[in-house]
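Please keep the sequence and the structure in view while reading.

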Amino acid sequence: MKQALAALLGAGITCAACYAVGVLFIQRLLSGVQLRRIERFPLAFTLGAACIHLFVFTTLAIRAAYWPLLIGFEVAAIVWAIRSGAWAPQGLESNKLSRSLRVLIALVGGAFFTVYFFNAWEPEHSPDGAAYHLGLIARELHAHRFEYITSTIYAMLSQGVELVYLPAFAIGRHSAVPLVHLCFAVSLALAMFAYGRRRGKPWVGAAAALLTFLSPVVGRDASIAYNDVATAAIVFSVFYWLEIWDASYQGEQRDWRLLIPVGLLSGYSYAAKYTAFSIAIYAIGFVLWRTRRLKPVLLVTGCAIIMAGPWVARNWIVYQNPVAPLGNWLFHNPNVHVRFEQEYSEYLQRYGVENKWNLAKEDLIRGDKTQGLLGPIFFLLPLGLFALRYPTGRRLWLAGLIAFLPYFGNIGTRFLIPSLPFFSLLIPLAIGEVPIVLAGLIVLHAGLSWYPVIPRYAAPNAWRIYNIPYRAALRLTDPDEYLSQDAGYRVARMLERFVPEHEQVLAVSGFPDSYTSREILVGFQSARNELLTDILYMGWIGGNQDILNRSFKFPEQTNRRFRVAQIARATTIDQWNVHELRFFDKGVEIARKPQWRLRAWPNPWDVQLAFDNSPATRWRSWETASPGMYIEVDFGQDQAVDEVRVETSGDSPTVRMQVEMPGPSGEWKMIAERVHDTSSPPPASARRMATFELAARGIHYLVLYDTDFSAKDILEDPEAWGLKVVAEEGGAKLYRTIW
Amino acid sequence: MLHSPTGLTIPMSRRPRLSLCLVAGLTVFATGCGGLPPSYPLPAQRTEFAAFRPYRTSYVINMSDADAQTHIVRDIGGSVRDPWRWTGPHPAVKLALKEISSPLKYTIDFTVADATFKDTGPVTVTFLVNDQVLDRVHYTKPGEQHFEKAVPAAWLGTTSDITLSAEPDKVWTSPGDGAKLGLILTRLGLAPDDVKASPQLLKETKAK
């Protein structure tokens, strides 16, 4: 029960602090701005969250993220807000709501909130939440600073919302975080409701708020440690502040101070999720359109930079890529492979939905492949076109479509959430302030979104809420026992028991990192992990092994530098692989000497792998083979060479190479392009060499589910791999290398 | 004065500064993507290990093995890089046993494909060693399957070339080209039978 109360306390303090900082901001910097009482809470909440995120970022950057400082700041903000009078509800009163509307909101909203609340309060075990959303803040809190984490692309993403979670996590651990996320969801619903009331259409506002809040994917997402609903709240706040700014038009000008929250929240949307930054484009475009002046645009941009800039700077400094883990084709870096980004992007654009015409059905009612469903009510969205007759409707469409655009980069249903508030407003707006129709719409949506009803029409594996886990939430069921139903949790605890501190563990599948302090290197999640996995696979996959000798013979040439260039443009995803590059003169291999200097493009950081004499390692371009790629050797002095031999695997058939050396003017010229191929048997000791190479890179532990790729081969004969089984749990085995 | 299409007016005096900033910004931006890549010294040189457990590469044939094709006798399609391959009705692989130092078991991983199962229904697969039936198993559901069974020592003792096969009783015939598809094969071969290899392990297993 203590844990449950701690979670409530952590979430309560953080949410209260968000509101407190927000109202203080409004009181100090936006004094005189006429906000309505009902809109003040949600707008202050997201604004305060943005400021708290910046504070936590600063403490991490200066290595001072200690919990007393974080909590002290939040408590001080709350006390200051109360003492200064900013805390108290204030602002313009709206017209009184009809009794029927109040009853409907209380019944429907209350019922769904209760379900979400208990789901949020239970011990956190969502896949991404328990893995990296919480895993990273747990590490940051432990280290009191940003760590240079290159083992996962998720550490490279901005953490705008996660940093707001961090103080809550410091007090209430895992369960406090979903409760904060739920608070963002409530804030979003309130903002939408308030927006309707601001437009004089309370029923429209209420219907829109409930369309979003009751949506199955919103309910699932808001009750776990994700950030999509929080992002939607931030995005909608940008729109809302813009509307307030636009409405402040008096004496031929608007209140420029209102552009400060617009800019800050635009930048914060980037900090929350890269894809949400599209709303900043809307904000800047809208301000430019309304004012036709540069100064207001610069104000919005400058404020946005205050929030987004730190993340860009961090990534540029730490990961050599300001938009890491994206844009690696432009900002080549050793942390993320271009090929990974290509393949991952292709996956995120498909999710196994080959026919895009099925996407609406998948996103709205099935919710299996795209992980979640919005609810069938959103088939009514075309009705929203009738809202184009209002200026508000036109602005909502534009903002919604701009927020929707990045969706095509990731067609997971939850990536629709940031645009959902706009689309949710459009449907009732088109219908108009007709209580009976809107009440029917709400009741229908509520019925279809109620968790036991969803399986009647959605896919059996749809990502959704399954029950009301009140016993787990109240800790009447032992949390450890409850979480142990999840095999991943048991594996994480096994790592905690059997892997020494500071040892890294290589894995093929992901695990809930936040439940272990050991660092898990998941195969695909970074350039280094991909290299380690490639070494592992080299142990048993014949197609990856060093079996092809490609020899280039030419009349003896003397030069200090030689290189092998790749000259084909692969039409598939074939990349260029080189296990070893050897030089010969008169049939004798030229002994490798310490003064040699090696260079490659792309992927210069791994060039040594083509010169280490190991059959278990190889240099790879990690990009689709294209002209301009090369591996170069500077012998340090003139060297006679008449043969170059490239040892490679058989898995890059489209690659074509030629040998080059610099001419007198420094231009590279081709000296051999005819290749003679011979095959060699696969290395008999490849499995042991693979684990030896892993150990040489500091990896002594390997955890594999029995169903993982490679697991069967290892399971059958660990000794042949130089591995020993250390422990077994949840269908996974933990191995240690003998090296 | 300069008039932009949006009606935005920028004083002339600011233009050089703006373009200067733009050029400077782009220069800074481009520093992330240009220049000669760094060079590195020669790394430590490895020595290949002496061959360890050579049976690993010769007795179990992974379809992804570079030399898998040399072991295939018949009815297994695909190319060198495929980790799985379609079989026909009579797939078989050949192994050359150099020495048998421990008991061996027939081991196979394959998949009964959803797509073919819809038409063929349940299939019975006969597992053979040198054309002698080791076992028959009836599969009533599609999906990944694993089968292993100890091979009597007498079946292996007198010969160095062993043929292993796994024959489904029904195959799916493509209406287009008439191709016959049986199973999706991942690996097939003989693995050490550790239970029989270790008297202690055998004793423990029996005790259980």
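## Overall build

In this predicted model, the secondary structure of chain A comes to 24 helices and 15 strands. The radius of gyration of chain A is 29 Å, close to the 27 Å that the globule rule gives for 739 residues, so the chain is as compact as a globular protein of that length. Along its principal axes, the C-alpha trace of chain A spans about 95 × 60 × 50 Å.

Of the 739 residues of chain A, 54% count as buried. Among the contacts in chain A that link residues at least 6 apart in sequence, 75% join residues that are at least 24 apart.

## Helix α20 and what covers it

Which residues of α20(A) are buried? They are A:Gly488, A:Tyr489, A:Val491, A:Ala492, A:Met494 and A:Leu495. An α-helix has 3.6 residues a turn, so residues three or four places apart point the same way. The cover over the buried residues of α20(A) includes helix α19 (479-483) together with the strands β1 (504-507), β13 (699-705), β14 (723-729) and β15 (732-737) of chain A.

## Two helix pairs

Helix α21 (residues 527-538) and helix α22 (residues 686-696) of chain A pack at an angle of about 160°, and their axes are 7 Å apart. Because an angle over 145 degrees counts as roughly antiparallel, α21(A) is roughly antiparallel to α22(A). On the side of α21(A), the contact is made by A:Leu532, A:Ile535, A:Leu536 and A:Met538, and on the side of α22(A) by A:Ala686, A:Ala690, A:Glu693 and A:Leu694. By class, the residues of this contact between α21(A) and α22(A) divide into 7 nonpolar, no polar and 1 charged.

A second pair is formed by helix α5 (residues 127-143) and helix α6 (residues 162-198) of chain A, whose axes come within 9 Å and cross at roughly 95°. That angle makes α5(A) roughly perpendicular to α6(A). The residues that α5(A) brings to the contact are A:His133, A:Leu134, A:Leu136, A:Ile137, A:Ala138, A:Glu140 and A:Leu141, while α6(A) brings A:Glu162, A:Tyr165, A:Leu166, A:Phe169, A:Ala170, A:His174 and A:Val177. The contact of α5(A) with α6(A) has 10 nonpolar, 2 polar and 2 charged residues.

## Two buried residues

A:Met538 is found in helix α21 of chain A, and it is buried, with 26 other C-beta atoms within 10 Å. Leaving aside neighbours within four places in sequence, A:Met538 is in contact with A:Asn544, A:Gln545, A:Ala616, A:Ala686 and A:Ala690. The C-alpha atoms of A:Met538 and A:Asp638, which are 100 residues apart along the chain, are separated by 35 Å.

A:Glu660 is found in strand β10 (residues 657-662) of chain A. The C-alpha atoms of A:Glu660 and A:Glu673, 13 residues apart along the chain, are separated by 9.0 Å.

## Backbone details in the loops

The peptide bond from A:Ala324 to A:Pro325 is cis, with omega near 10°, and A:Pro325 is found in the loop between α12 (294-319) and α13 (338-348) of chain A. A cis peptide bond also joins A:Trp601 and A:Pro602, where omega is about -5°; the place of A:Pro602 is in the loop between β7 (597-601) and β8 (619-624) of chain A.

A:His144, although not a glycine, has a positive phi of about 65°. A:His144 is found in the loop between α5 and α6 of chain A, and it is partly exposed, with 17 other C-beta atoms within 10 Å. A:Tyr351, likewise not a glycine, has a positive phi of about 50°. The place of A:Tyr351 is in the loop between α13 and α14 (359-366) of chain A, and with 17 C-beta neighbours inside 10 Å A:Tyr351 counts as partly exposed.

How values were computed:
Residues are numbered from 1 along each chain as its sequence is written. Chains are lettered from A and ligands numbered from 1 in the order in which they are written. This is a predicted model: local features need pLDDT of at least 70, side-chain atom pairs count only at pLDDT 80 or more; totals for chains, interfaces and linings use all residues. A residue is buried if 20 or more other C-beta atoms lie within 10 Å of its own, exposed if 12 or fewer, and partly exposed in between; C-beta atoms are placed from the backbone. Helices (H or I, at least four residues) and strands (E, at least two) are DSSP runs, numbered from the N terminus. Two residues are in contact if their C-beta atoms, placed from the backbone, lie within 7 Å. The radius of gyration is taken over C-alpha atoms; the globule rule is 2.2 Å times the number of residues to the power 0.38. Axes are lines fitted to C-alpha atoms, for helices over the stretch in contact, and angles run from 0 to 180 degrees between N-to-C directions. Angles under 35 degrees count as roughly parallel, over 145 as roughly antiparallel, 65 to 115 as roughly perpendicular and the rest as oblique. Ala, Val, Leu, Ile, Met, Phe, Trp, Tyr, Cys and Pro count as nonpolar, Asp, Glu, Lys and Arg as charged, and the others, Gly among them, as polar.
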